[in-house]
Amino acid sequence: MAKRVHQPREDAEFDFILRMSSTPVLAYFTGTWPKAIEPSRTMDLVVGGIADEYADRLTAVRVDITRCPDTTRRYEITGAPSYVLLKEGTPVASGTGPASTSEIRELVETHL
């Protein structure tokens with residue numbers, strides 16, 4: 001995973017990252033249960049590449065559903081992987097399931 005992807009250990013840390021970001025935030029939610037592990041790894045690669053590509057214009061955050069349950073509920077996440085693009089803390093786009101690099105790039109480009 002790219003070093004540019006933040007990994008909060010708790011909800012308060014996610015909130016801090018969100019408040020401090022001067023760019024849109026791509027939060028993607030992962031799980032550690034058996035059916036979520038492989039799709040979450042796929043999203044790690046996709047979002048890691050996007051985080052590198054848009055390093056100056058986007059903040060990427062990997063949110064572990066079990067570590068950040070309040071954040072997960074706030075954005076109505078029901079499965080992993082899922083993702084939410086936030087501008088100034090407000091969701092502007094979201095999706096569930098593994099997405100391709102081109103799908104995430106298009107989502108990001110639409111809202112930059």
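This is a predicted model: local features need pLDDT of at least 70, side-chain atom pairs count only at pLDDT 80 or more; totals for chains, interfaces and linings use all residues.
Residues are numbered from 1 along each chain as its sequence is written, and side-chain values use heavy atoms, with hydrogens and water left out.

The protein chain contains 4 helices and 5 strands; helices (H or I, at least four residues) and strands (E, at least two) are DSSP runs, numbered from the N terminus. Read from the N terminus, the order of elements is β-α-β-α-β-α-β-β-α. The protein chain is as compact as a globular protein of its length, because its radius of gyration of 12 Å is close to the 13 Å that the globule rule gives for 112 residues. That radius is taken over C-alpha atoms, and the rule is 2.2 Å times the number of residues to the power 0.38. Along the principal axes, the C-alpha atoms fill a box of roughly 35 × 30 × 25 Å. Of the 112 residues, 49% count as buried, where buried means under 20% relative accessible area, exposed over 50%, and partly exposed in between (1.4 Å probe, protein chains only).

The 5 strands form an open sheet of mixed pairing, in the order E1-E3-E2-E4-E5. Two strands are said to pair if DSSP finds at least two bridges between them. Strands E1 (5–6) and E5 are the edge strands, each pairing on one side only. Within the sheet, E2 and E4 are antiparallel and share 5 bridges, and Phe29 stands opposite Ser82 in E4.

Two helices lie across this sheet. Helix H1 (residues 11–20) lies across E1, E2, strand E3 (59–64) and E4, and runs at about 170 degrees to E3. Helix H2 lies across E1, E2, E3 and E4, at about 165 degrees to E2. Axes are lines fitted to C-alpha atoms, for helices over the stretch in contact, and angles run from 0 to 180 degrees between N-to-C directions.

The largest nonpolar core has 18 residues, of which Leu26, Met43, Leu58, Tyr83 and Ile104 touch the most other members. Such a core is a set of buried Ala, Val, Leu, Ile, Met, Phe, Trp, Tyr and Cys residues joined through side-chain atoms within 4.5 Å. Strand E2 (25–30), helix H2 (34–53), strand E4 (82–87) and helix H4 (101–111) each supply at least two of its residues, and H2 gives the most, with 5 residues. Beyond its neighbours within four places in sequence, Met43 is in contact with residues including Tyr28, Pro81, Tyr83 and Ile104; contact means heavy atoms within 4.5 Å. A second, separate core of 16 residues includes Ala36, Cys68, Ile77 and Leu86.

Most residues other than glycine have a negative phi, and most peptide bonds are trans. The bond from Ala80 to Pro81, however, is cis, with omega near 0 degrees. Pro81 lies in the loop between helix H3 (69–74) and E4. Glu76 is found in the loop between H3 and E4 and has a positive phi of about 55 degrees; at 67% relative accessibility, Glu76 counts as exposed. Glu88, placed in the loop between E4 and strand E5 (90–96), has a positive phi near 50 degrees. Glu88 is exposed, with a relative accessible area of 83%.
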